[in-house]
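Here is a short briefing to read alongside the model.

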Protein chains: 2
Amino acid sequence: MPSELTDNQAVLRRHGMHVTAQRLAVLRAVSDGPHRTADDIYKVVRAEIGAISHQAVYDSLAALTDKGVFRRIQPAGSSARYENRVGDNHHHLICRRCGRMVDVDCAVGYTPCLTADDDSGYEIDEAEVIYWGRCPQCAAAAPV
Amino acid sequence: MPSELTDNQAVLRRHGMHVTAQRLAVLRAVSDGPHRTADDIYKVVRAEIGAISHQAVYDSLAALTDKGVFRRIQPAGSSARYENRVGDNHHHLICRRCGRMVDVDCAVGYTPCLTADDDSGYEIDEAEVIYWGRCPQCAAAAPV
DNA sequence: TGCTGGATCTTGACTTATTCCAGCCCATGA
DNA sequence: TCATGGGCTGGAATAAGTCAAGATCCAGCA
């Protein structure tokens, strides 16, 4: 059974990317903590391997997102976040107060979300759904 | 029949806001061109009334959004956009190539989108849906 | 109509997120 | 082992938006 390290190396190789300590650390940071921002990842990686440049983080994230390894989500009022759960059409639930974000499976189970009522001639390839509300903690803390 | 000007004045008054040339121009800019960015609005207003500060635009947009007159949407990779069609639970369709954005009515007609499969205890108050794809022009220009 | 308080606007600096650039470094394939 | 190009670093630049202080304007009231 391959270790996580080997796994991540394989992921990089499979996409024809060089295997570097920085990229492995970025991969790890995203799988350990989904929904992290680029800056979070920068800090985590820096703590882990000692040093990395901002640019390397952005490069790695962009490359991995481009290859479909990561998915980039950018809710209103927040900087971009990255997650490694891709291809299963899940959505996100975000607390308006504290910003906490959790995954939600597609409301209807399969991918009906892709069917807009009137597509205006567009070729739709993704439906992104974000639910806004208050998380249990915030709701309890300030019960309207 | 009230003119557009009178209408907009009424909107401001109804929400207890002062009626100023800047705000009327912002209201007009948003109704004339939905999905405009703050910067677009800044330019349009400036062309119309001669001068306005960046801050006044942001203030007006924030105040009007707060009062529910405007809705703010911020698709990934774009700056915030504003529209005056509120309260009808419609969604957006965005072209990945050119960024063109159009309205789409709610896929199912009413608001079932608000029902997530598992709400993780959140109190959900809005479901924001963005369809990503290619607009007819871009699809025609680069037929994969 | 004139006054006054508070809302609104202007100006300008600042913050945050992200990208650009130039040059050095190192993973990879021969 | 070695050449090479992709990758990394550090620094500067840009874009979007926010903050703060003081000037100005609107709306209600005498």
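**The surface near DNA strand D**

By class, the surface near DNA strand D holds eight nonpolar, 11 polar and three charged residues. Ala, Val, Leu, Ile, Met, Phe, Trp, Tyr, Cys and Pro count as nonpolar, Asp, Glu, Lys and Arg as charged, and the others, Gly among them, as polar. This is a predicted model, in which local features need pLDDT of at least 70 and side-chain atom pairs count only at pLDDT 80 or more, while totals for chains, interfaces and linings use all residues. Residues are numbered from 1 along each chain as its sequence is written, with chains lettered from A and ligands numbered from 1 in the order in which they are written.

**Around DNA strand D**

- DNA strand D is surrounded by 22 residues (C-beta atom, placed from the backbone, within 6 Å).
- The closest are Gln22(A), Ser53(A), Gln55(A), Ala56(A) and Ala80(B).
- At least two residues each come from α2 (21-32) and α4 (54-66) of chain A and from α3 (38-49) and α4 (54-66) of chain B; helices are DSSP runs of H or I with at least four residues, strands runs of E with at least two, numbered from the N terminus.
- α4(A) gives the largest share, four residues.

**Where chains A and B meet**

- Chain A and chain B put 33 residues each into the contact (C-beta atoms, placed from the backbone, within 7 Å).
- On the side of chain A that touches chain B, β6(A) gives the most, with 12 residues.
- That side of chain A divides into 18 nonpolar, five polar and 10 charged residues.

**The strand pair**

- β6(A) runs antiparallel to β6 (residues 123-134) of chain B, joined by 11 bridges; strands pair if DSSP finds at least two bridges between them.
- Within this pair, Glu128(A) stands opposite Ile130(B) in β6(B).

Terms used:
Two residues are in contact if their C-beta atoms, placed from the backbone, lie within 7 Å.
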